[in-house]
Structures are given as C-alpha cells and as structure tokens.
Amino acid sequence: MIRMWPALVLLLLPSGAVSQEEGSLLEGWHEFWLFRFLVNILGYSTIIIPGYLLIRYFKRSNYLDTGSGLCFPVIKACVFGNEVKSSLIDEISAPARNEGDSGSSVKQMLKLLVCAAGLQVSYLTWGVLQERVMTRSYGAQSAEDKGERFQDSQFLVFMNRILALTVSGLWCVLFKQPRHGAPMYKYSFASLSNIMSSWCQYEALKFISFPTQVLAKASKVIPVMLMGKLVSKKSYEYWEYLTAVLISLGVSMFLLSSSTNKHPSTVTTFSGVVILAGYIVFDSFTSNWQDNLFKYKMSSVQMMFGVNLFSCLLTVGSLLEQGALFTSISFMARHSEFAFHAVLLSMCSACGQLFIFYTINQFGAAVFTIIMTLRQAIAILLSCFLYGHAVSPVGGFGIFTVFLALFLRVYARSRMKASRRSAPPMAQKV
C-alpha cells in the first residue's frame, strides 16, 4: 500500500511536475492541489464551527427575548434577523423592470448596448488576466530566467471579494434598499460554496487550458439536468435533451481533438476534471442557496454585500492561519505587474457583478444569457489568440456545436415563454 501512493500523487500534480523524481515529490507534497484544498477547508472550519456553536447557543438560550446591551442589535441581525418573508424579490425588481420597459426604444437600445459592452469588457478582461496570473511567471529578466509564478488561488479570491464588498457596500449606502430581513449567518453557506467554486476556477488553470475551462462551464446544464431528474424528479422538454446531447458531443470533440496540445497527459486531464467537477458542484449549490435567500425581502446588491462579507471573513482568516496573506503581499511588493493585474482582476469581477444584476433587472435572464454566451465564445477566441492555444478543425467544430446548442436552448425557452403568455386562459371546470 505504501508503494502505491507515489503513483496516486502523480495523478494530483500538474504536468510540469510529473517529470520530477520521487524524492522531489516527497519534498513538495505541500504543493499538491488536494492538500491545499484540504488546508483551506480546515482554515474555514476554524471560523465556521465556533460560529455555528455560538448561533446554537443564542437560539437555545432564547437570547432574542432575554438579551440586551450594546451587542444585542448586532447579534439579533446576525442570528435572528427580522424573519420577514412576505415580500419576494420579484416585487422589488418589478418597478425597475417596468421603468426600463416604459422608455423609448432608442433609450432601451442604448441601455442594452451599455450592458452588453460592460459585461463583455469586464469578463473578457477578467478571463485574460485570470489566465495570465495563473499560467505565466513574473519577474523574468531573460529567456533563461523563468521568474516566479503566483501559486495561491485563495489570495486572488480574497482580492476579488474585498473589492466586491466595497463596491456593493457603497451601492447600498448611495441608493435606497429594501429593509433587510434575513439572518446574516445564512449568507455564510453561499459564501463558502462561492469561495470554493472560485478557488477551483483559478486552480484548474494550472492543469487545463482556458478554452477547456470555458467549455466545461458552458456545459453545466448537463449535470444540472441530471440532478434535477434524479433528486427533484423533474421532467424536461425534448429540445432540452437535444441541446444537452449537442453540448456533450461538442465538449467531447474539443477535448479529444486537444490531446496533442500543451496538456496531453492523463495527469492533467484527471486533475482538471476533478477540479472542474468541484467547481460545478460548488457553483450549483451557491445559486440554489441564493435563490432560497431571495425569499426574504432583499435586493441583489444586498445579496452581493452579504455573500462577499462572509467570503472576506473566511478567506482572510484562512490566509492568516496559513501565513499566506503576507507571503502573497510580499509577492505583490516584488512584482508590481502582478499587483496591477490582481487589482484590475478584482475591479473587473466587482463591476461585472453589478452589470449582471442591472442587465437581468432591465432586460431579463434570456437577454443576459445570450450576452454571456457570446462572451464565452469570444473569450475562447481571445485566449487562443493571446496565449497560443492550438484548436484543430474538429475542436473548432466542437466549440461551434456547444454554442449553437446554447443559443438554441435560449431561443426555444423564449419561444415557450412567449407562447404561454399569449395562450388564452383555460376554462375552469364546474
């Protein structure tokens, strides 16, 4: 059994480390992505477990009726909230959507162009920088000098969340928001899954190419449908199964045709698939938990603030415990180019979130999906152009198939919603 573990270790290493000797593997065990993942989880648990015990104590001791003092309002907001679920988020967003619809067609077109441009610029820049930070070195003085690579994905997650927290906090202060009713601790669930999905997204780039990651994210519909069928016993239309099959075929063609690229080994494929699977699982939980939280009376920006608040607390706590915060800051001090990239990456992430909320509020989810699908296609082309990812004709056809299926899915869904709205009401049975 002991002799088998080096072979297992090889499956968890990036392709660059496979050629190293077994002795160097033993020395670099702390660089394994799985080890870093477990250490991060351990760091979060040192914050979450005491918080969970405190919440249970306050609830079991009937603190809401017996508590008093300066800390009472804070504890009440964090543990109990206002427990008001009478107003749904649709009631909050309805006036803003109506205002957008009442404007002139020219004004609406300008708004749509601004939203589309904002989303494209924010997330295309974010994608390019993400690949640059995680796959390229800094500080190389010559062709022989390899420079330093930044390794801590968690620090990048913290940078993104701290700026998003600042932006959403300023938005809540400057613009009127509905009265907040949700217990603050409930945001921590979405925060934890959001942190881990973002970590997986960054970490995966050490093992797979950016186009592969984009296609994997575009194919999230497949596991979502499987989960809905198995767990929720949902039924789907024929066109949903057709588009899911087309997406799976397109992704398969791209991955099989990329076997001669820079990521040819089964090591890379295994690690990349595991990390991307983690991303899909965590990201799916985040969206479902946020949907549940929207039962409370809150705006999307309040949701953004609450989730990012706990994300900052969890990541900074874990970084301090590991000593990685000051190490990453030291890396920023040594490489001003990395500092610029990290700040710009965070700015794009925060601004992109605001554009998401505004676009969905003004034009609905279908228009937003079309814009983001276009963004994914452009991101693949941009990554191939900037970083030299070779795409074979079969791989290119696979990419085309994936995005064709996504557009067909959006079109069929919009047509179905339109037919339901135009259908006459059925007569009631007596």
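Me: How many helices and strands does the protein have?

Reply: This is a predicted model, in which local features need pLDDT of at least 70, side-chain atom pairs count only at pLDDT 80 or more, and totals for chains, interfaces and linings use all residues. Residues are numbered from 1 along each chain as its sequence is written, and side-chain values use heavy atoms, with hydrogens and water left out. Helices (H or I, at least four residues) and strands (E, at least two) are DSSP runs numbered from the N terminus. The protein has 18 helices and zero strands. Of its 430 residues, 44% count as buried (under 20% relative accessible area with a 1.4 Å probe, protein chains only; exposed is over 50%, partly exposed in between). Among contacts (heavy atoms within 4.5 Å) between residues at least 6 apart in sequence, 83% join residues at least 24 apart.

Me: How is the packing of two helices described, and at what angle do α8 and α15 cross?

Reply: Two packed helices are described by the angle between their axes and the distance between the axes. Axes are lines fitted to C-alpha atoms, for helices over the stretch in contact, and angles run from 0 to 180 degrees between N-to-C directions. Helix α8 (residues 153–174) and helix α15 (residues 324–334) have axes that come within 10 Å and cross at roughly 80°. The two are therefore roughly perpendicular (65 to 115 degrees; under 35 is roughly parallel, over 145 roughly antiparallel, the rest oblique). Phe155, Phe158 and Met159 of α8 make the contact with Leu325, Ser328, Ile329 and Met332 of α15. By class, these residues are six nonpolar, one polar and no charged (Ala, Val, Leu, Ile, Met, Phe, Trp, Tyr, Cys and Pro count as nonpolar, Asp, Glu, Lys and Arg as charged, and the others, Gly among them, as polar).

Me: Which residues of α15 meet α16?

Reply: Phe331, Met332 and Arg334 of α15 meet Ser336, Phe338 and Ala339 of α16. The axes of α15 and helix α16 (residues 336–363) are 5 Å apart, at an angle of about 115°.

Me: Which residues touch the most other members of the largest nonpolar core?

Reply: A nonpolar core is a set of buried Ala, Val, Leu, Ile, Met, Phe, Trp, Tyr and Cys residues joined through side-chain atoms within 4.5 Å. In the largest one, of 60 residues, they are Phe155, Leu156, Leu215 and Phe338. Helix α7 (residues 105–135) gives the largest share of this core, seven residues. Beyond its neighbours within four places in sequence, Leu156 has contacts that include Val133, Phe150 and Phe338.

Me: Is Phe150 buried or exposed?

Reply: Phe150 counts as buried because its relative accessibility is 4%. Its place is in the loop between α7 and α8. Setting aside residues up to four places away in sequence, Phe150 touches residues including Phe155, Ser328 and Phe338.

Me: Where is Ser349 found, and which residues does Ser349 touch?

Reply: Ser349 is found in helix α16 and is buried, with a relative accessible area of 8%. Not counting residues up to four places away in sequence, Ser349 touches Tyr123, Trp126, Asn160 and Arg161.

Me: Where is Pro178 found?

Reply: Pro178 is found in the loop between α8 and α9. The C-alpha atoms of Pro178 and Lys297 are separated by 6.7 Å, although the two are 119 residues apart along the chain.
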